[in-house]
Every structure is written in C-alpha cells, then in structure tokens.
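Work through the exercises below with the sequence and the model open. Try each task before reading its solution.

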Amino acid sequence: MTPKSKNQATPTTPAPPNPSSAKSLSHQRLHTHICSTPPCVSAVSHRRFALYPPSQGKDPRTGVWQSLKVPKGRAFLKTICRSFLSPHLRTPPMDVSERYHYNPTLQWNPKVEEYFIKAYGADHFARISKALTSPSCYSCIRVNTLKSTTDAVIEKLSSTLQGIRQQSGTDGMNQSDTNAEYPIGPDHKESHVPTTSYDLKKAPLAVSESAQNCPVSKCQLPGLDSVVFVKGSGPHTVNYGYAQDKTPKEVIVSRKCAEAVLRGAQVYVPGVLACSAHVEKGDVVAVSVAMEQPGQDGGWVIGMTRGTVLQGSHIDPYFLERKGLYIGQGTTMMSRAGMFRVLKGTAVDMNDRVFKLPSFHDVLEGEIFLQNLPSIVTAHVLEPQQGEKILDMCAAPGGKTTAVAILMKDKGEVVACDRSHNKVLDIEKLAAEMGLNCITTYKLDALKAVRQRSESSNMHTSSFVTKEGSDTDSAGIANYSNEQATKTTKACDAFPQKSIQGLVNGRGRSHCLGGRVEKSEGFYPNTFDRVLLDAPCSALGLRPRLFAGEETIESLRNHARYQRKMFDQAVQLVRPGGVIVYSTCTINPGENEALVRYALDSYKFLSLAVQHPYIGGPGLVGGCQLSDGSIEEWLRPGEEDLVQRFDPSSPLDTIGFFIAKFNVGPKDD
C-alpha cells in the first residue's frame with residue numbers, strides 16, 4: 001500500500017468554512033498573525049510563522065479540500081511582501097496632523113524628573129523641558145574684531161544670506177515669526193546688580209526696530225557690540241504629501257543627527273539608520289527620528305539595525321514611536337544603496353525644515369564664530385586685561401579661549417588646556433584661523449593641573465612640557481615592538497595599556513589627525529591672574545535636546561564630584577587678587593548652585609563678584625532633600641543676583657547655562 005503523504009487530507013476531515021478562494025483564506029490567516037504582532041517587531045520571522053498550522057483551502061482544479069504548504073525560503077518572503085502590499089493589510093487610517101509633525105516629549109529618568117520638579121516646580125520644569133526640544137529662534141555670531149568690524153560682517157552676511165535665499169527660491173522665514181527674534185533690550189534693573197543689567201520682564205521682543213525688519217542685526221547691549229544676531233524661524237508646518245493609499249518615502253536618522261539637523265545641518269550618511277525601499281537619488285523623503293526606548297535590562301536602546309528597509313506601514317520599526325518626530329523633508333543626494341555603502345557624504349539635502357536656521361559652514365572663516373550668547377557673556381564676565389596670564393582649564397573647542405584672546409587684543413598669554421589630543425589640535429586650528437598669537441595650547445587633564453614646587457625646586461618655569469604627536473608615539477610603539485615583544489607579561493605591567501592595544505589595533509583615534517601637541521605635567525600654584533573653568537557637565541541645557549533619560553541621580557552626582565575636584569585645582573592655580581569664573585551648560589542645580597555653595601564654604605578667601613554684563617536671571621536659593629535623605633544646599637538669600645542662570649524657557653531663548661564669578665582674596669599659607 002502506498003503510504004499517504006503527510007500533506008494529503010483524509011476524506012473524513014471536516015470541511016472548514018467556505019472561503020471564496022484558498023488565497024483569501026491564506027491572506028486572512030497572515031493578516032491575523034501580523035496584527036497580533038507588536039508594532040516594534042520589524043518583520044515576521046520564518047520560524048514564528050511555521051508554528052502556525054498549515055492553511056487549508058479548496059483546490060480549484062479538483063474541488064477537493066486539502067492542506068496548503070506554508071511557503072518557504074524565497075517564496076515565503078514573496079508571500080510576505082505581497083501580503084504587505086494587499087489593500088486590506090495597509091496602514092489603517094490615521095490623523096495626519098498628529099503623526100506627520102514635530103511635537104516631541106522629552107523623556108527623563110523618573111527620579112531625575114522628580115528632583116527637577118522639586119527644584120523648579122512642576123509647571124516651570126514642564127516649560128523648560130518643552131523649550132529644550134527646540135533650537136533658539138536666532139543664531140548668535142561673535143565677530144573677530146581683530147580682523148573685521150561688526151558692520152562689515154553684517155553687510156557680508158546679509159549679502160551671503162540673500163544669495164542663499166535666491167538660490168532656494170524662498171525668503172527663508174515667515175512674517176509670522178518676526179516677533180520671535182531677539183528678546184533682549186536696554187531696560188535697566190533697579191537693584192544692586194550692575195548698571196549693565198536688564199529687566200528681562202520688561203525687555204522688548206527685539207533689540208531695535210531695525211532688528212525686527214532685518215534678518216541680520218547688531219546686539220544693542222552695552223559691551224556686546226561685537227555680537228551679531230541672525231534671525232531664524234519655526235516651527236513650520238511641513239507638507240509631507242501623505243495620502244491614505246500612498247505614504248511618503250522616509251529616512252530615519254539617529255537622535256544626534258536629528259539634533260544637528262534642527263540646528264541647520266544636513267543629513268549626513270553616518271546619521272542614517274533606515275530608509276524606504278526603492279529610494280533613488282533625487283527622491284523627496286520625509287525625515288524622522290529614532291528615539292531611545294526602554295530596554296529589557298532597564299536601560300535605553302535603539303532596537304533598529306542600520307540599513308533597515310521601511311515598508312511604509314504600521315509594522316515598520318518604531319512606527320508608533322515616531323509619531324510627532326518628523327523634522328522636515330528633503331531631497332536624497334544618493335540612492336538607498338549608496339547611503340549604506342559609503343562612509344561619508346550628504347545623504348539628504350534638507351530643503352523643507354521644521355526650524356529654519358541658516359548654516360554658517362565655511363562662511364567668513366576667521367572673521368566670525370558661531371557661539372551661544374551665554375558663552376560669549378562668560379568671556380566678558382572674566383574681564384581679561386591686556387598683558388595678563390589667563391588659564392582656560394577645559395578649553396575645547398576653543399570658542400571661549402579665542403573670545404578671551406580677542407578681548408585682550410591678542411596681548412598677554414592665554415593658556416588653553418584639554419585632555420584630548422585631537423581637541424587640542426582643534427583649538428590650535430581655530431586660533432590660527434582667527435590670527436591669534438597669544439594662545440598657548442597643552443594637552444593636560446584638568447584634574448592634574450597643579451604641580452607642586454617641591455617636586456622640582458631647582459626649576460623656574462611655571463609648566464613642564466613634552467612633545468606629543470603622531471611621530472613620537474609611533475616611534476615609541478615601534479621601539480616597544482622591536483625590543484619588548486618577547487618579554488614576559490611583567491614587562492606589560494609597566495607599559496601603558498593603550499600602547500599595548502595599539503600594537504594590535506594600530507594607532508587609536510587620539511592620534512588619527514596627526515600633528516604634535518605640547519603635553520604639560522601641570523603648573524605651579526598661584527601662576528595665573530584669571531582662571532576660566534567651563535567645566536564638563538551633564539549638558540542638560542543644550543538645545544535642541546530630544547532625549548535626557550540617560551542621566552540618573554547618581555550620574556548627576558558624579559558630575560558634581562568631578563567638577564569640585566577641578567575647582568579645587570583652579571583655586572590653587574589662581575593668584576591672590578585674581579579671578580575665577582565657573583560655568584556650565586546644564587540646568588542641574590547640583591552642578592551649579594551647589595558648586596557655589598561648596599566653593600564659598602570650603603574657601604573662606606573666595607567671594608562672589610558682580611558680573612558684567614548681567615543679562616541672565618537669578619540663581620536658586622535654598623536646597624533640596626535628595627532621595628537618600630541628604631540635603632543639597634544651594635545659594636543663600638542675597639547671593640542669587642550675583643550669579644547668572646540662563647533659563648531656556650525665558651524670553652531670552654538661549655540654552656540653559658550658569659555663570660559664577662569669584663574674587664580671590666589673600667590665601668592662608
């Protein structure tokens with residue numbers, strides 16, 4: 001007897017419901033399976049599909065009910081694709097206004113959010129969170145007054161922007177955005193705060209009448225006449241061309257890429273994560289953001305493989321999560337295949353943005369520097385004088401360093417330090433572009449900036465330096481390789497671990513740019529007239545920011561501990577009668593007001609100094625009880641107006657920033 005095929009149905013098998021065709025029944029089963037799959041699943045796996053019983057249908061030739069084989073391999077993939085394109089499986093109707101727009105909600109660690117609500121109040125913190133998700137409505141430019149004048153730069157920028165607008169066929173901004181220009185003005189504040197201070201509550205929304213009508217204007221604040229504002233606009237409504245039977249082609253970018261695009265950058269190849277199928281060069285695509293999502297281990301993850309193909313349906317990765325995270329649309333500069341084949345280049349030319357801010361890449365190089373307004377104010381607050389010796393402890397990328405040098409008329413010495421080889425090279429490059437000769441750069445860890453005289457009492461220099469660069473390091477590695485390769489593991493204990501890894505992996509990123517830098521082993525105490533400590537921080541004031549969940553209470557505390565150690569170094573390096581300026585780009589009181597409290601309580605010879613100019617707001621008074629029961633102390637009454645806190649939700653429309661200035665009295669030996 002011939003054995004029955006396992007796929008052959010027996011005559012006694014009860015007939016299933018009578019469908020119109022085997023194909024429709026197969027589609028129904030597939031539709032049921034797909035709809036039961038969570039939206040975050042990017043594709044239906046073969047193995048998961050195989051767990052379902054084989055579909056049954058009627059053979060159209062014989063009229064006999066029989067089992068249908070589940071398609072395998074390439075046939076299975078074709079079945080999936082056909083099913084996805086079937087009308088009854090397409091994306092269900094949606095409110096286009098809710099999906100295709102920009103309305104992000106900033107995610108925080110719950111305990112961090114609770115801490116900030118205690119500090120600011122729920123309503124105020126909600127406004128801060130909302131403001132952080134968008135860029136400022138204007139760009140701030142600092143003019144290199146040693147090479148040009150503010151009026152000359154305004155004329156050149158106006159001509160450049162006019163040419164850009166003519167090429168793009170748009171004026172670059174809406175008339176409705178005019179009132180969102182530069183919300184600062186000359187109303188004096190009646191208090192003990194310096195006379196160059198301004199009452200932000202009474203400040204007009206524009207610097208002057210001309211600023212309201214001109215895209216480029218000069219800052220009208222006394223002492224900041226070298227600052228130029230370039231008007232931007234947004235948020236704008238972008239028409240993505242959505243239709244129920246035709247979804248727009250899309251490109252998903254990383255969060256960091258999206259934040260740069262919101263500031264005026266293009267979409268570059270490294271930032272692309274996913275793209276619709278069949279995208280060719282010259283296609284119009286909608287650009288959205290893949291945000292971090294909670295992971296199974298309690299952390300945050302991007303559950304997407306670079307190169308993912310988007311189908312334009314609700315089973316696409318992050319389909320629901322991307323609602324309200326569309327940052328504009330543009331024209332592809334290469335095909336989909338090219339985006340994931342090459343390593344660099346422009347992937348999408350963004351020609352229709354949610355926020356329109358002009359790009360200043362390669363514009364008036366050496367004459368201008370794009371910089372946030374609070375950072376410019378910080379250099380002025382330091383009040384550098386010609387002939388002084390000034391230390392910028394954490395100088396990269398060099399914006400404040402060059403601002404200080406220009407204020408000194410390039411007369412004196414500005415020592416700029418950073419722990420990164422490449423960042424030191426960046427500072428040197430910027431100083432050269434701006435034609436500044438008074439800047440000396442060193443590779444130096446700010447935590448090891450002080451060198452005690454007892455270590456080398458017969459030396460009279462204030463700093464010990466050695467050459468460090470690609471040639472030196474390569475020779476060092478080569479010598480080790482030739483002379484020590486046959487040594488036992490003990491030899492490795494005395495050799496830097498990074499150098500050992502370099503033998504296997506080649507030169508690391510720290511020397512990939514080449515060039516030499518001076519490596520300092522520190523400076524003697526009381527060496528500098530003024531010290532600027534723009535401390536590394538949590539950066540929770542930078543805009544635009546689309547995600548903040550990575551910071552925890554413990555990580556914020558670690559930032560604060562790190563900053564206190566650097567401040568201890570700054571106190572030793574500044575001479576009696578000198579000045580220390582401390583600044584951060586975070587809204588965290590633990591890194592701002594709490595540092596001031598630590599400084600004043602630890603060093604009795606320090607006192608808060610009046611700041612010029614003063615355009616920010618007051619600091620936070622009081623303190624906060626932390627989750628472990630400890631009390632974090634901030635400012636005391638009377639001290640709040642001696643610091644500047646820049647609130648991103650205030651009419652100034654700046655990043656979140658903090659500045660404290662200390663006068664240094666006689667030190668106890």
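The model is predicted: local features need pLDDT of at least 70, side-chain atom pairs count only at pLDDT 80 or more, and totals for chains, interfaces and linings use all residues. Residues are numbered from 1 along each chain as its sequence is written, and side-chain values use heavy atoms, with hydrogens and water left out.

**Exercise 1. Overall figures**

Task: State how many helices and strands the protein has, and what share of its residues is buried.

Solution. Start with secondary structure: there are 18 helices and 27 strands. Helices (H or I, at least four residues) and strands (E, at least two) are DSSP runs, numbered from the N terminus. Next, burial: 50% of the 669 residues count as buried, where buried means under 20% relative accessible area, exposed over 50%, and partly exposed in between (1.4 Å probe, protein chains only). Last, contacts, meaning heavy atoms within 4.5 Å: of those between residues at least 6 apart in sequence, 78% join residues at least 24 apart.

**Exercise 2. The setting of Asn144**

Task: Locate Asn144 in the chain and list its contacts beyond its neighbours within four places in sequence.

Solution. Asn144 lies in the loop between strand S3 (138–143) and helix H7 (150–168). Its relative accessible area is 0%, so Asn144 is buried. With neighbours within four places in sequence set aside, Asn144 contacts Gly366, Glu367, Ile406 and Met434. For Ile406, 262 residues away along the chain, the C-alpha separation from Asn144 is 7.0 Å.

**Exercise 3. A mixed sheet**

Task: Give the strand order of the open sheet of 7 strands and identify its edges.

Solution. The order reads S7-S14-S13-S9-S6-S8-S12, and the pairing is mixed. Strands S7 (267–268) and S12 (308–310) are at the edges; each has a single partner strand, so one side of each lacks a neighbour in the sheet. Two strands pair if DSSP finds at least two bridges between them.

**Exercise 4. Cysteines**

Solution. Cys219 is buried because its relative accessibility is 2%. Cys438 is also buried, with a relative accessible area of 5%.
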